Amino acid sequence: MAATNGSSQGQVFLIFGNGFIANQIKDLLLQEGKKVIMSRARIESREQVLSELTKHTPTRVINCAGVRGTPNADWCEDHKIETVRSNVLGPLNVVDVCHELGNIHVTHLGSACIYNTLPGDERPPWKETDEPFFQGSWYNRSRLLSELSIRHYPNLLLLRVRLPIAAVMHKDNHITRLLGFRKIIDLTGSGTVLTNLLPGAIILSEHGETGIYNFVNPGEISNVEIMELAKQYIRPEQEWDTFTLDEMLAILKAPRAHCVLDATKLQDKLREYGYAVKDQREALEEVFQILAAKGV
Ligand SMILES: NC(=O)c1ccc[n+]([C@@H]2O[C@H](COP(=O)([O-])OP(=O)(O)OC[C@H]3O[C@@H](n4cnc5c(N)ncnc54)[C@H](OP(=O)(O)O)[C@@H]3O)[C@@H](O)[C@H]2O)c1
């Protein structure tokens, strides 16, 4: 479904959050000559969000603010209120205030980790029409509560991210995280290759598309496959061990979502705009080729 303001001419983008994904979106928009404002507002504050929106009068809002937990999602178990503020109250504020101010279009970077597929389960990939349910950790629960709270707003484009991968060696890049582990879990699942998908997010935002999209590349990736590509392209000396899901869960405070999502809706929609969503393997190879060319 397309919202109002379909033309990209004269658009002003206001971005909440200033992290890994926000800065990649900012750079892409600036490369396209777009006007971009990076907001420093705390999104749990309705007053700050309202003030930013009335001051800058954006035509497009992109919410990349949120917490994933540092060093990992177990942080959220011990910081429940902070997690609710950033992941539940914040997005609801942003979407609701934008709605109140005249249905300003919001692109929200949410999470795919609201489904769970057990190893060996033969079920098909989760579609946007499947009711999300996974709340094994406080992080997952915050993402689930958030999606359930905001999903009916007509000004919302919600992109469900999982294991973001990009051609930059940032600490939040799933590749960088894996390279820092001695042991990795050998499971396959969905992943978000930002290098391929973020230009698509901008197309959807510019055209005022709304609704929920599994923001992942079609197919599955495995951590071992990523390490093999890393060894082939950028880290010939890289070594690793694998452990099982049970072994990994034994050292974590809370369970993790493991899931495969269906990317057909995203692929079909972006095809309408002439943009190709690449298969996981192809998109990943492209990332490693760029990293190798950079000599990282
Ligand atoms: N697997 C997944 O489910 C998954 C994976 C990747 C990303 N995501 C989500 O996608 C979004 C962007 O990810 P990212 O990788 O760019 O994360 P990131 O690098 O950690 O950046 C998050 C940004 O949000 C800001 N922030 C956090 N709470 C805020 C608040 N209450 N008000 C204003 N700003 C706040 C942080 O600023 P401060 O540090 O100053 O607080 C930081 O600039 C996040 O919401 C993330 O959780 C989900």
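Trainee: What covers the buried residues of helix 8?
Mentor: In this predicted model, the cover of the buried residues of helix 8 includes strand 6 (164-165), helix 6 (174-179), strand 7 (183-185), strand 11 (221-222), strand 12 (241-243) and helix 11 (280-294). The buried residues in helix 8, which spans residues 223-233, are N223, V224, E225, I226, M227, L229 and A230.

Trainee: Strand 6 is part of that cover. Why is I165 called buried?
Mentor: I165 has its place in strand 6. Buried means under 20% relative accessible area; I165 stands at 0%, and therefore counts as buried.

Trainee: Which residues is I165 in contact with, leaving aside its neighbours within four places in sequence?
Mentor: The contacts of I165 are N173, H174, I175, T192, V193, L194, T195, I221, I226, L284 and V287. One of them, I226, is among the buried residues of helix 8.

Trainee: What does the side chain of Q280 reach, and at what distance?
Mentor: The side chain of Q280 reaches the backbone oxygen of N217 at 2.9 Å. A polar contact requires N or O atoms within 3.5 Å, and the distance of 2.9 Å meets that limit. Not counting residues up to four places away in sequence, Q280 touches S190, G191, V193, N217, P218, G219, E220 and I221.

Trainee: Why is Q24 called buried?
Mentor: Q24, found in helix 1 (residues 20-31), has a relative accessible area of 16%. The cut-off is under 20%, so Q24 is buried. The side chain of Q24 reaches the backbone oxygen of F20 at 3.1 Å. Leaving aside neighbours within four places in sequence, Q24 is in contact with A166, L194 and L198.

Trainee: How do you know that the buried residues of helix 2 are on the same side?
Mentor: The buried residues in helix 2 (residues 46-56) are V49, E52 and L53. They cover an arc of only 95° around the axis, which puts them on the same side of helix 2. As a general point, an α-helix has 3.6 residues a turn, so residues three or four places apart point the same way.

Trainee: Which residues are exposed on the other side of helix 2, and what do the buried ones pack against?
Mentor: On the other side of helix 2, E47 and K55 are exposed. The buried residues of helix 2 pack against strand 1 (12-16), strand 2 (35-39), strand 3 (60-63) and helix 4 (80-100). Helix 2 is followed by T57, whose phi is positive, near 40°.

Trainee: What makes G102 exposed?
Mentor: G102 lies in the loop between helix 4 and strand 4. Exposed means over 50%; the relative accessible area of G102 is 56%, so G102 is exposed. The C-alpha atoms of G102 and E228 are separated by 49 Å, with the two residues 126 residues apart along the chain.

Trainee: How many aromatic pairs does the structure hold, and why is the pair of Y115 and W126 called stacked?
Mentor: The structure holds 4 aromatic pairs. The ring centres of Y115 and W126 lie 4.9 Å apart, and rings pair if their centres lie within 6.5 Å. Their planes are at 20°, and planes under 30 degrees apart count as stacked, so this pair is stacked. Both residues are in the loop between strand 4 (105-111) and helix 5 (138-150), 11 residues apart. Y115 is buried at 0% relative accessibility, and W126 is buried at 9%. Y115, W126 and F133 form one aromatic cluster.

Trainee: How do you know that a charge sits over the face of W126?
Mentor: R123 lies over the face of W126, at 3.5 Å from the ring centre. The distance limit is within 6 Å, and R123 meets it. Likewise, K80 lies over the face of W138, at 5.4 Å from the ring centre.

How values were computed
Residues are numbered from 1 along each chain as its sequence is written. This is a predicted model: local features need pLDDT of at least 70, side-chain atom pairs count only at pLDDT 80 or more; totals for chains, interfaces and linings use all residues. Side-chain values use heavy atoms; hydrogens and water are left out. Helices (H or I, at least four residues) and strands (E, at least two) are DSSP runs, numbered from the N terminus. Buried means under 20% relative accessible area, exposed over 50%, partly exposed in between (1.4 Å probe, protein chains only). A polar contact is a pair of N or O atoms within 3.5 Å; within protein, one must be able to donate a hydrogen and the other to accept it, and residues adjacent in sequence count only if both atoms are side-chain atoms. Contact means heavy atoms within 4.5 Å. Rings of Phe, Tyr and Trp (its six-membered ring) pair if their centres lie within 6.5 Å; planes under 30 degrees apart count as stacked, over 60 as edge-to-face and the rest as tilted. A charge sits over a ring if NZ of Lys or CZ of Arg is within 6 Å of the ring centre and within 35 degrees of the ring normal. The arc is that of the directions from the helix axis to the C-beta atoms.
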